[in-house]
Amino acid sequence: MRIETLSVFPDVFASYLGASMMGRAQTKGLLDFEAYDLRDWTHDRHRTVDDAPFGGGQGMLMKPAPIFEAVRDISARHELRPHVIFFSPVGARFDEAAARRLSHEDRILFVCGRYEGMDERCYDLADETLSIGDYVLTGGELAAMVVTDAVVRLIPGVLGDEMSAEDESFAGGLLEYAQYTRPAVYEGRAVPDVLLSGDHAAVDAWRRRNQIERTALWRPDLLEGADLTPEERAWLAERGD
């Protein structure tokens with residue numbers, strides 16, 4: 001997969017994308033990452049990317065010309081056109097299903113806004129617009145890193161254990177089960193006996209039930225769309241969840 005970012009602060013990506021799983025993915029040749037500086041597509045000596053909004057208002061808006069020119073230029077640099085993603089509060093909520101869908105793209109270009117946002121016409125360039133939550137960031141760089149991390153870890157070969165991505169929160173629409181490590185008892189808090197039993201079938205059954213219980217407790221909104229059997233839904237109904 002090739003991932004590219006367009007930003008006025010391209011250097012912020014280097015430390016995170018070069019570390020841990022993201023760094024290993026690049027070393028293995030599973031991820032090709034490049035960050036572009038939007039100011040490279042400006043044509044004045046101040047390298048201006050923003051201007052005052054028509055009609056007045058607070059702050060400055062990112063100008064359309066550099067963004068249009070940059071996206072078109074970057075898109076043409078490789079034979080395969082990128083899937084272009086912008087970030088905005090009006091975008092679709094990013095979730096695990098979106099991450100899995102995007103993990104099948106061969107090339108993605110994230111366009112990162114700054115200041116009070118960007119000229120509305122810029123969004124005509126987007127194949128999709130995403131939101132990572134109902135809060136405001138100073139720029140789209142963090143959002144791009146969040147989405148990149150969630151997507152790249154799903155690429156086969158990135159994680160050490162190929163089942164890791166299938167065995168975590170939101171897989172199947174449920175939260176992950178509780179996990180424990182040594183010691184078996186710590187400050188009077190004991191690990192559930194079943195996890196020490198060596199009975200793999202019993203452990204699997206406990207983990208599945210624990211996933212459902214934790215989801216019902218912490219994120220009941222997920223249950224409607226979760227991958228549950230009729231028996232599991234009946235069990236939830238008996239519990240009153």
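Reply: Let's begin with naming: helices (H or I, at least four residues) and strands (E, at least two) are DSSP runs, numbered from the N terminus.

Me: Good. Where does glutamate 187 lie?

Reply: Glutamate 187 lies in the loop between S8 and strand S9 (189-190). This is a predicted model, in which local features need pLDDT of at least 70 and side-chain atom pairs count only at pLDDT 80 or more, while totals for chains, interfaces and linings use all residues. Residues are numbered from 1 along each chain as its sequence is written, and side-chain values use heavy atoms, leaving out hydrogens and water.

Me: Is glutamate 187 buried or exposed?

Reply: The cut-offs for relative accessible area are under 20% for buried, over 50% for exposed and in between for partly exposed (1.4 Å probe, protein chains only). With a relative accessible area of 59%, glutamate 187 is therefore exposed.

Me: While we are on the backbone, which residues does a cis peptide bond join?

Reply: Arginine 182 and proline 183 are joined that way, with omega at about 5°. You will find proline 183 in the loop between helix H5 (141-152) and strand S8 (185-186).

Me: Now the rings. How many aromatic pairs does a search of the whole structure find?

Reply: The search finds four. A pair of aromatic rings is described by the distance of the centres and the angle of the planes. Rings of Phe, Tyr and Trp (its six-membered ring) pair if their centres lie within 6.5 Å; planes under 30 degrees apart count as stacked, over 60 as edge-to-face and the rest as tilted. Take tyrosine 36 and tryptophan 41: their ring centres are 6.1 Å apart and their planes are at 70°, so this pair is edge-to-face. Tyrosine 36 is buried, at 6% relative accessible area, and tryptophan 41 also counts as buried, at 6%.

Me: Which aromatic pair is stacked?

Reply: One that is stacked joins phenylalanine 87 and phenylalanine 110, at 5.7 Å centre to centre and 20° between the planes. Because phenylalanine 87 lies in strand S5 (residues 83-93) and phenylalanine 110 in strand S6 (residues 107-111), the pair ties together parts that are 23 residues apart in sequence. Phenylalanine 87 is buried at 13% relative accessible area, and phenylalanine 110 counts as buried at 0%.

Me: Which ring does the charged end of arginine 209 sit over?

Reply: A charge sits over a ring if NZ of Lys or CZ of Arg is within 6 Å of the ring centre and within 35 degrees of the ring normal. The charged end of arginine 209 sits over the ring of tryptophan 235, at 4.0 Å from its centre.
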